[in-house]
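Subject: Structure handover and notes

Hello,

Here is the structure for your files. My notes on helix packing follow below.

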Amino acid sequence: MNIIEVIKLILPIIAILISIAAVFVSHKNVKKQIRVSKLEEILEILNMLRGYYKTAYLYSNDLKNYEKYLDGKLTTRDWLIVNRHIDEFLSNVKEETIQAKTARLYVLANSYLPKNNLKLKVISVNQLYSDLFYTLFYKKLSLLKEKYNGDFPEPDKILDILNQLEKEIVKEMNLGFDTITFKEYEAYFQSTFKKNLRVNNFR
């Protein structure tokens, strides 16, 4: 068997091996892309929930302040006004939306985050939102008293936790980028962006 015949035998084998390697790499890339898209969805849900927290927290305090009226046996004009505002807020939020988003977030976090503190933190924040909105939708303070000693965490604390979660989730994507916080954005907007636009009374 001469060298040409040997090459003819080896080349198809090499081609097959290259094809197998390409399939393996392609499959690995697809799995990575799927995971990145799920991590992006986690970030989207967390950012959506972020916008609701402060208002929901303040209304939970109102429920505490007007606790004696929650059973409907007593009422005052002030309570009726507060109750109407809470209901208007909840009508915009919608219970089905919160339930769907928190359920989805739980599944995504459990399926696509590593089994470490990041997974636990996301699931814990998710449960906090579930408990907070349960308190508002059903106007019951049982979870607030039993799990949170009568006070949900203050908005600033939750904002810090959400900012940290965002950084950790972006790091999990392994794309080589970092996030910015709202404070960093606000500082740039006030000091640089407005200056570049030369807008003195920009609000």
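In which hand of crossing does H2 pass H4? The crossing is left-handed, meaning that the near helix is turned anticlockwise from the far one by less than a right angle, while clockwise would be right-handed.

Some ground rules. This is a predicted model, in which local features need pLDDT of at least 70, side-chain atom pairs count only at pLDDT 80 or more, and totals for chains, interfaces and linings use all residues. Residues are numbered from 1 along each chain as its sequence is written, and side-chain values use heavy atoms, with hydrogens and water left out.

The chain overall

The chain has 7 helices and 0 strands. Both are DSSP runs, numbered from the N terminus: helices are H or I with at least four residues, strands are E with at least two. The order from the N terminus is α-α-α-α-α-α-α. Take the contacts between residues at least 6 apart in sequence: 70% of them join residues at least 24 apart. Contact means heavy atoms within 4.5 Å.

H2 with H4

H2 covers residues 77–93. Its axis and that of H4 come within 10 Å and cross at roughly 125°. Axes are lines fitted to C-alpha atoms, for helices over the stretch in contact, and angles run from 0 to 180 degrees between N-to-C directions. H2 and H4 are therefore oblique to each other. The classes are: under 35 degrees roughly parallel, over 145 roughly antiparallel, 65 to 115 roughly perpendicular, the rest oblique. Phe-89, Leu-90 and Val-93 of H2 meet Phe-133, Leu-136 and Phe-137 of H4. By class, that contact has 6 nonpolar, no polar and no charged residues. Nonpolar covers Ala, Val, Leu, Ile, Met, Phe, Trp, Tyr, Cys and Pro; charged covers Asp, Glu, Lys and Arg; the others, Gly among them, are polar.

H3 with H4

H3 (residues 95–112) packs on H4 (residues 117–138) at about 165°, with the axes 9 Å apart. That makes H3 roughly antiparallel to H4. The crossing is left-handed. H3 contributes residues including Ile-98, Thr-102, Leu-105 and Ala-109. H4 contributes residues including Val-122, Asn-126, Tyr-129 and Phe-133. The contact divides into 10 nonpolar, 6 polar and 2 charged residues.

H4 with H6

H6 spans residues 155–173. H4 and H6 pack at about 140°, with their axes 11 Å apart. That makes H4 oblique to H6. This crossing is left-handed. On the H4 side, the residues include Leu-118, Val-125 and Leu-128. On the H6 side, they include Ile-158, Leu-165 and Glu-172. The class count is 10 nonpolar, 1 polar and 3 charged.

Leu-108 sits in helix H3. Is Leu-108 buried or exposed? Leu-108 is buried, with a relative accessible area of 1%. Leaving out residues up to four places away in sequence, Leu-108 touches Lys-38, Glu-41, Ile-42, Ile-45 and Leu-113. Leu-108 and Ile-42 are 66 residues apart in sequence. Their C-alpha atoms are 6.8 Å apart in space.

Best regards

Terms used. Buried < 20%, exposed > 50% of the residue type's maximum accessible area, 1.4 Å probe, protein only.
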